[in-house]
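Hi everyone, thanks for coming.

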Amino acid sequence: MRFVLVVALLLAAVGGAAVGGPAVGGPATAAVPPWFPTRLGHLGDSRQVVVVAGHSRTSTSSTAYAYQRGTDGRWRAAFPAMAARNGYGGWQWASRRVQGTGTTPIGTFTITEAFGLAADPGTRLDYRRVDGNDHWVGDRSDPRTYNMFQPSLSPRRTWRTSRAERLADYPRQYAYAAVVDFNRPAPGSVSWNTALGQYVTSAPAVAGRGSAIFLHVHGRGSTAGCVSLSRTQMVAVLRWLDPALRPRIVLAPIADLPRA
């Protein structure tokens with residue numbers, strides 16, 4: 001009977017059936033995979049989570065899982081497991097990450113907004129349709145605009161285009177993207193500076209730690225630190241994400257998931 005229970009729990013965790021909390025007892029606990037929400041430690045009050053589990057610290061491929069917690073408190077898979085890609089440099093803890101290393105930051109982050117060169121696919125997140133004027137800034141010499149969206153090339157801007165991503169230069173990857181809140185300016189600190197023609201923050205991110213970390217559509221291979229899914233899967237995830245459920249994304253190699 002104990003063996004039957006263990007097998008049932010294993011199939012439920014992998015196949016998407018509900019699991020309400022940590023299993024009781026040694027064998028049953030081991031049956032719950034490390035990427036299942038009950039095994040994660042930093043979800044807070046989130047009721048939606050995307051877990052991207054890298055195969056190793058150096059891997060550039062990973063698997064993404066999406067779960068939602070119902071009103072009964074039980075987590076259920078929202079989609080089947082999804083093949084994902086991550087940074088060409090593998091993985092690094094968010095607090096140690098350095099810009100330009102191609103590593104995907106390890107940690108748990110909120111998802112609060114999305115954008116794309118394509119029209120809004122029907123997401124409930126704040127969605128911005130971007131064009132050829134739009135950039136994402138990673139200029140270490142200008143902390144007030146670091147890791148921020150900028151909608152214009154104002155002649156009075158303080159950031160350099162050579163240190164920013166022109167979003168339209170990535171038509172495939174940025175057809176759809178969700179912003180991972182890694183190393184972002186403090187919430188509520190961003191305002192529009194009319195004199196400079198740019199957004200600025202009074203509580204900057206850490207310049208040099210990294211910017212423009214997104215969940216976006218697959219390109220040709222590994223990413224520069226982002227995580228990518230197929231276009232079809234990305235659209236499905238965007239339509240599923242609901243800010244009322246305080247979605248989070250957990251990024252880590254499998255071995256580091258308990259601490260991420």
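Before I point at anything, one term: by a nonpolar core I mean a set of buried Ala, Val, Leu, Ile, Met, Phe, Trp, Tyr and Cys residues joined through side-chain atoms within 4.5 Å. This is a predicted model, with a mean pLDDT of 91 for the protein chain. Please be careful with residues 1–27, where the pLDDT is below 50.

Now, the largest nonpolar core has 49 residues, and Val-52, Tyr-176 and Ile-249 have the most contacts inside it. Val-52 touches Ile-249 itself, and its other partners include Trp-91 and Val-227. There is also a second, separate core of 12 residues, with Trp-136 and Phe-149 among them.

Next, the aromatics. One cluster is formed by Phe-115, Trp-136, Phe-149, Tyr-170, Tyr-174 and Phe-214. Arg-128 lies over the face of Phe-149, 3.9 Å from the ring centre.

How do the rings of Phe-115 and Phe-214 meet? Their centres are 5.0 Å apart and their planes are at 80°, so the pair is edge-to-face. Phe-115 sits in strand S6 and Phe-214 in strand S14, 99 residues apart. Phe-115 is buried at 2% relative accessible area, and Phe-214 is buried too, at 1%.

Finally, have a look at Gln-48 in strand S1. Is this residue, Gln-48, buried or exposed? Its relative accessible area is 1%, and buried means under 20%, so Gln-48 is buried. The Gln-48 side chain reaches the backbone nitrogen of Asp-242 at 2.8 Å, and Gln-48 also touches Trp-75 and Trp-240, among others.

Technical notes
Residues numbered from 1 in each chain as written. Predicted model: local features only at pLDDT ≥ 70, side-chain atom pairs only at ≥ 80, totals over all residues. Heavy atoms only, no water. pLDDT = per-residue confidence, 0-100. Contact = heavy atoms within 4.5 Å. Helix = DSSP H or I, 4+ residues; strand = E, 2+ residues; numbered from the N terminus. Buried < 20%, exposed > 50% of the residue type's maximum accessible area, 1.4 Å probe, protein only. Polar contact = N/O pair within 3.5 Å; in protein donor to acceptor, adjacent residues only side chain to side chain. Phe/Tyr/Trp six-rings, centres within 6.5 Å; stacked < 30°, edge-to-face > 60°. Lys NZ or Arg CZ within 6 Å of the ring centre and 35° of its normal. Lists of a residue's contacts leave out its neighbours within four places in sequence.
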